[in-house]
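Trainee: I'm new to this one. Could you show it to me and talk me through a few pairings?

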Amino acid sequence: MRTRHHLERAAVTALALLSLAGCAGNAEGHVTDSGGPITVWVDPPRVPAVDAFRKAYPDIPVQVTTINGNVGSTELQQKFVLFNQAGKGWPDAIFFPSNDDIAWAAGSKINYVRDIGQNLGDIIPEYPASVIAQCRIDGRVRCLRNDAAPDVLWYDADLFREWGYQPPATWEDYERLSLAIAKEHPGYLTGFLGDAYAPDRYLWASGCPTNERLSEKQVRIELTDGRCTRIRDLLGRLAAAGAVSPSGIFSPDAATLGRRLAMSPGAVWWGNFLFRDTWKVDPGRITAAAPLRWAGDDHPTTSSEGGGLWGFSRHITGVQLQNTLTFARFVATDPRWQVELSVGLPAYGPLQQPWLDRQRQGKYLANFDTAAAAFVLASTIVRGGRDYTRYNTGTVWTHTITPALTSGQPFTKAWDTFGQRLTSEARSFGYAVRAGP
């Protein structure tokens, strides 16, 4: 784990590189046409998408590079700085390791991703508005989302039946039931706090302004906002009671803990990726209910964990561009990837029901119809006001909240450190931070 010094030094280095990239004028307007072959950069889980495309379009040559999936790393960003300086080298399509990468990739300094609003204007309206919203940056569509990753309420149907519980509908009910489970069934858990998705799972769900983009150079961070303090206090009480784990969903002990998870908010992809494939929870136990809502809110909303982003180069034209757009359509809308191979609910609306039909055949989830309805509902009510930024909130969280909790410190004390570090991190990446309304 990197220290605070290393984290801040990386941020300053990234800012310096961005400034350098701004001098790379030779990249502006530089357009090439290779005559057809395209280059694609993906992380390991997306290699099957490229393989499926090659099988579907054998006449389009594809050169693929597998990149690491390190969230918060500046390594990828540095490569694009060098590409801009050289005026060449950019991939034609990329699956970003971190969703926050779209902030620098679409920013004025690097300005790599093309506006696909016109190129793919017929498919954009087919996405649920809240799923594609974060690809709409300053009036342009700069990416495509791979899968919808809204949070729902996961719970163990067998345990709930045995214990006589009903799944909670509100965050307030979730807290009451979590405390009851911690008291009546020691050893069982109702959430994870230690991973980089935790601030999405909890803070975004509450509407806490940690990543509210006001412009390319200004953000709003206000952890004293009532929507922040309500989730801070709730998590503080759950942590003190031992109801939630200080570990994260990818921690070495997560599989053991996951098999003792009675309920938790979590992304749609938890079902296949975590419960089934990673934690090996038996079929027929796990199901999902509608996302938790806050009793005082006017409309139900939820948060999102991931749901990766595809970006496409603005530096290409001709046959090379057309083949890249063919690839874009395939990875976004073709069932040969999104239905047959993807573990997550497709972001592209028309493929959600076919994907759900295929999941039903797998007979893994209990109460499948209820879970499927929760997935679809959640994809339409992701809360706005949380944008992808050059600073990574999850990384700051795991460098402040996680070590504090694992060492037994109170959550509220860790929260103060998190807030201070988050503001410092945003400023180190060149943002002016506004704290008021």
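Trainee: Are D195 and R201 buried or exposed?

Mentor: A quick note first: this is a predicted model, where local features need pLDDT of at least 70, side-chain atom pairs count only at pLDDT 80 or more, and totals for chains, interfaces and linings use all residues. Residues are numbered from 1 along each chain as its sequence is written, and side-chain values use heavy atoms, leaving out hydrogens and water. Buried means under 20% relative accessible area, exposed over 50%, and partly exposed in between, with a 1.4 Å probe and protein chains only. For D195 and R201, the answer is buried.

Trainee: How far apart are the closest N and O atoms of D195 and R201?

Mentor: The two form a salt bridge, that is, a side-chain nitrogen of Lys or Arg within 4 Å of a carboxyl oxygen of Asp or Glu. Their closest N and O atoms are 2.6 Å apart.

Trainee: Which residue meets D297 in a salt bridge?

Mentor: Look at the loop between strand 11 (286–289) and strand 12 (309–312), where D297 sits. Its partner lies in helix 9, 67 residues apart. D297 is partly exposed at 25% relative accessible area, and the N to O distance is 3.3 Å to R230.

Notes:
Helices (H or I, at least four residues) and strands (E, at least two) are DSSP runs, numbered from the N terminus.
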